[in-house]
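Let's take a walk through this structure together, from the whole chain down to a single residue. Have a look at it before reading on.

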Amino acid sequence: MIVFTATNQATREIYVGSARDSMEEHWARLIVLADEGGSGEFLEMIREYGADQINIAMWAYADSSAESREMVRKACEETGAKLIKTGRAPAP
């Protein structure tokens, strides 16, 4: 699992998330979810500022879900970041 940071270049706000296999594929899914109207502060930020204003960077690699949760917690503490929380897009 990959723990990553997402930094808004305009506001300098930092968010932390995790991806099972590919950070790039997970990022692409988050962009689609934002475009489809998904809920959550992070997706609202993507819609407001645009995906091109968000810098994605790998923070750490974890071998297990437990280690990933610990790395996410540590990344949030060390950077003052918010956890990426999303909801599904509304049904059409």
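Predicted model: local features only at pLDDT ≥ 70, side-chain atom pairs only at ≥ 80, totals over all residues.

A residue counts as buried when its relative accessible area is under 20%, as exposed when that area is over 50%, and as partly exposed in between, using a 1.4 Å probe and protein chains only.

Residues are numbered from 1 along each chain as its sequence is written, and side-chain values use heavy atoms, leaving out hydrogens and water.

Now for the layout. The chain has three helices and four strands; these are DSSP runs numbered from the N terminus, with helices being H or I of at least four residues and strands E of at least two. Follow the sequence along and you get the pattern β-β-α-α-β-α-β. With a radius of gyration of 13 Å, close to the 12 Å from the globule rule for 92 residues, the chain is as compact as a globular protein of that length. (That radius is taken over C-alpha atoms, and the rule is 2.2 Å times the number of residues to the power 0.38.) Along the principal axes, the C-alpha atoms fill a box of roughly 35 × 30 × 20 Å.

What about contacts, meaning heavy atoms within 4.5 Å? Of those in the chain with a separation of 6 or more, 64% join residues 24 or more positions apart.

Let's head inside. A nonpolar core is a set of buried Ala, Val, Leu, Ile, Met, Phe, Trp, Tyr and Cys residues joined through side-chain atoms within 4.5 Å. The largest one here has 17 residues, and Phe4, Trp27, Phe42, Leu43 and Ile56 have the most contacts inside it. Two or more residues each come from β1 (2-8), β2 (14-19), α1 (23-35), α2 (41-49) and β3 (54-61). Helix α1 gives the most, with five residues. Take Trp27: beyond its neighbours within four places in sequence, Trp27 is in contact with Phe42, Ile46, Ala51, Ile54 and Ile56. There's also a second, separate core of six residues, including Val3, Val72, Ala75 and Cys76.

Finally, zoom in on Ser68, which sits in helix α3 (residues 65-79). Ser68 is buried, with a relative accessible area of 4%. Not counting residues up to four places away in sequence, Ser68 touches Met1, Val3, Ser18 and Ala62.

How values were computed: Contact = heavy atoms within 4.5 Å.
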